Amino acid sequence: MKSRQRSLEQERAKRAWDCVKKAKEQQDRVAKDYGNLARDLPARLQTNGLGQTLAFLRAKGYENGQPKSAGHVQLLQDISAWVMEQLEAEDQNLLQWVVNTASSEDYRRATAEAMALAEWLKRFAESELPTGGGDEH
């Protein structure tokens, strides 16, 4: 009998697919922004680190605490929700958790999980979302 248990990699892929599908259903500008950001996400995480990448998405997504770029906000929320679920943390704001609570070991685990999700997001964004149009990446 075939096992019905799904691997973590399958769960990541499903989450990434759902995130990209949700972005695709948004306005064209949001879908383009999300797609451009998702395509760059693995490189951005590798180059700048998790905390700086989250801070970038926050800075470009909000102005005076209010959302200004839905693509940035959605990607920040998608990464935060997935990583915090995998770390079984109660807080849903990954950026605040990284800044205020995470140990070095927690930060490494969170970065690894964000990178794994980012690879799936990149691949699905390449295949499903429009390109171009974004101005701040």
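1. In this note, two residues are said to be in contact when their heavy atoms lie within 4.5 Å. With that meaning, what covers the buried residues of helix α6 in this predicted model includes α1, α2, α3, α4 and α5.

2. The buried residues in α6 are Ala110, Thr111, Glu113, Ala114, Met115, Ala116, Leu117, Ala118, Leu121, Phe124 and Ala125. At 1.5 Å a residue, its 25 residues should span 36 Å, and the C-alpha atoms at its ends are 35 Å apart, which agrees.

3. Beyond its neighbours within four places in sequence, Glu113 is in contact with Leu8, Arg12, Trp82, Val83 and Gln86.

4. The largest nonpolar core holds 37 residues, and those with the most contacts inside it are Tyr34, Ile79, Leu94 and Leu121. To this core, at least two residues each are supplied by α1, α2, α3 (50-61), α4, α5 (94-100) and α6. As a general background, nonpolar side chains in soluble globular proteins tend to be buried together.

5. Tyr34 deserves a separate remark. Not counting residues up to four places away in sequence, Tyr34 touches Cys19, Val20, Ala23, Gly71, Gln74, Leu75, Asp78, Leu121 and Leu129. One of these, Leu121, is also named with Tyr34 among the residues with the most contacts inside the core.

6. The structure holds 2 aromatic pairs. One of them joins Trp17 and Phe124 in an edge-to-face arrangement, with 5.1 Å from centre to centre and 80 degrees between the planes. Trp17 belongs to helix α1 (residues 8-24) and Phe124 to helix α6 (residues 104-128), so this pair ties together parts that are 107 residues apart in sequence. Ring pairs also link Trp17, Trp120 and Phe124 into a cluster.

7. A kink of about 50 degrees lies at Leu41, shortly before the proline Pro42. The 21 residues of α2 (residues 28-48) should span 30 Å at 1.5 Å a residue; the end C-alpha atoms are 28 Å apart, which agrees. After α2 comes Gly49, which has a positive phi, near 90 degrees.

8. Two arginines are placed over aromatic rings. The charged end of Arg44 sits over the ring of Phe56, 4.0 Å from the ring centre. Likewise, the charged end of Arg58 sits over the ring of Tyr62, 4.0 Å from the ring centre.

9. Helix α4 (residues 70-87) contains Ser80. The relative accessible area of Ser80 is 6%, so this residue is buried. Leaving aside neighbours within four places in sequence, Ser80 is in contact with Gln92 and Leu94. Leu94 is itself one of the residues with the most contacts inside the largest nonpolar core.

10. A last point concerns Ala59, which is placed in helix α3. Ala59 counts as partly exposed, at 47% relative accessibility. Ala59 and His72 are 13 residues apart in sequence, and their C-alpha atoms are 8.8 Å apart in space.

Definitions and conventions: Residues numbered from 1 in each chain as written. Predicted model: local features only at pLDDT ≥ 70, side-chain atom pairs only at ≥ 80, totals over all residues. Heavy atoms only, no water. Helix = DSSP H or I, 4+ residues; strand = E, 2+ residues; numbered from the N terminus. Expected span 1.5 Å × (residues − 1). Bend = angle between axes of the 7 residues up to and from the residue. Buried < 20%, exposed > 50% of the residue type's maximum accessible area, 1.4 Å probe, protein only. Phe/Tyr/Trp six-rings, centres within 6.5 Å; stacked < 30°, edge-to-face > 60°. Lys NZ or Arg CZ within 6 Å of the ring centre and 35° of its normal. Core = buried A, V, L, I, M, F, W, Y, C linked by side-chain atoms within 4.5 Å.
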